[in-house]
Amino acid sequence: AALRRGATVALANKEAMVSAGAAVLEIARAGHATILPLDSEHNSIFQALGGAPMDQVERIALTASGGPFRTWPLEAIAAATVEQALKHPNFAMGAKISVDSASMMNKGLELIEAHFLFGLPEDRLDVLVHPQQAIHGLVTFTDGSVNAGMAVPDMRVPMAHCLAFPERSDSGAARLDLVAIGRLEFFAPDLDRFPALRLARQALRHGGAMATVLNAVNEVAVAAFLEKSIGFLDIVKSVETVMNLPSMAALSAPRSIEEAEAIDRLARARAREVLS
């Protein structure tokens, strides 16, 4: 509704863009509205772009803390409890997003969101595990230069940027102290231990309504995990099972919010059948 009336929207809800990205962007275009990314990774990329046209951008990389299970072996992750999954190393967040961070599904959703927000295909979007969370996003330009969006891991920073844009205001957050941090580390994500990222890339490559399906099934599965009715690894297994159903693969991308909601309801019904 805000986009239809031409408002500037600071988008904090990645699931809306994942489930109905093309439809949301069309509504924004038709309403002459502006979408400002508030998610910390996308906001840092937006700032690192500096207004450069996207044809000058070669790649974009989102960073991830790795969550509470970053160094855990697969056997330990399989036995993870709800309480352990909720212990994010850097952020205090709600239960659902904390579980998504532990499985790295959150980063998968952010990868899909980045595709819609910045218009880059899946093969030009990267994810780097960066435990210190000083860098939130990186932009590689066609000349080989790289801009990094850096700040303390505090949501007040991207909030202040969106609320004051195009000006600047004091977020009240602490300032980044690189000397105190001492070192910045980066690792490739382990897709064997964190297959959610693989599924997100699969959804992007497949197209159609697969991103909508992935998001819907994940929400149902995470709720079941939080109720302690399934194991931690069953979350991603459930998502993959429903994504692989021929009826899901045949769905077209939603062209409206109403179509996205209908696909969402269908995917949730299939998820409940799988979980039962």
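How many salt bridges does a search of the whole structure find? The search finds 19, where a salt bridge is a side-chain nitrogen of Lys or Arg within 4 Å of a carboxyl oxygen of Asp or Glu. The model is predicted, so local features need pLDDT of at least 70 and side-chain atom pairs count only at pLDDT 80 or more, while totals for chains, interfaces and linings use all residues. Residues are numbered from 1 along each chain as its sequence is written, and side-chain values use heavy atoms, with hydrogens and water left out.

One of the salt bridges joins R59 to D126, with the closest N and O atoms 2.7 Å apart. Because R59 belongs to strand β3 (residues 57-64) and D126 to strand β4 (residues 125-129), this pair ties together parts that are 67 residues apart in sequence. Strands (E, at least two residues) and helices (H or I, at least four) are DSSP runs, numbered from the N terminus. R59 has 27% relative accessibility and therefore counts as partly exposed; D126, with a relative accessible area of 23%, is also partly exposed. In these terms, buried means under 20% relative accessible area, exposed means over 50%, and partly exposed lies in between (1.4 Å probe, protein chains only).

Other salt bridges involve exposed residues. The side chains of D170 and R175 meet at 3.3 Å, N to O. D170 counts as exposed at 62% relative accessibility, and R175 counts as exposed at 58%. The side chains of E185 and R183 form a further salt bridge (3.6 Å, N to O); here E185 is partly exposed at 22%, whereas R183 is exposed at 56%.

Attention may now turn to helix α6, which comprises residues 105-118. At 1.5 Å a residue, its 14 residues should span 20 Å, and this agrees with its end C-alpha atoms, which are 20 Å apart; the expected span is 1.5 Å times one less than the number of residues. Eleven of the 14 residues are buried, so α6 is largely enclosed by the rest of the structure. The buried residues include M105, L109, L111, I112 and F118. After the helix comes G119, whose phi is positive, near 75°.

Leaving aside residues up to four places away in sequence, E110 touches K14, D39, E41, H42 and L62, where contact means heavy atoms within 4.5 Å.

T212 is found in helix α10 (residues 210-226). Apart from residues up to four places away in sequence, T212 touches V18, S19, P254, A260, I263 and D264.

Finally, F186 lies in the loop between α8 (178-181) and α9 (196-206). F186 counts as partly exposed, at 36% relative accessibility.
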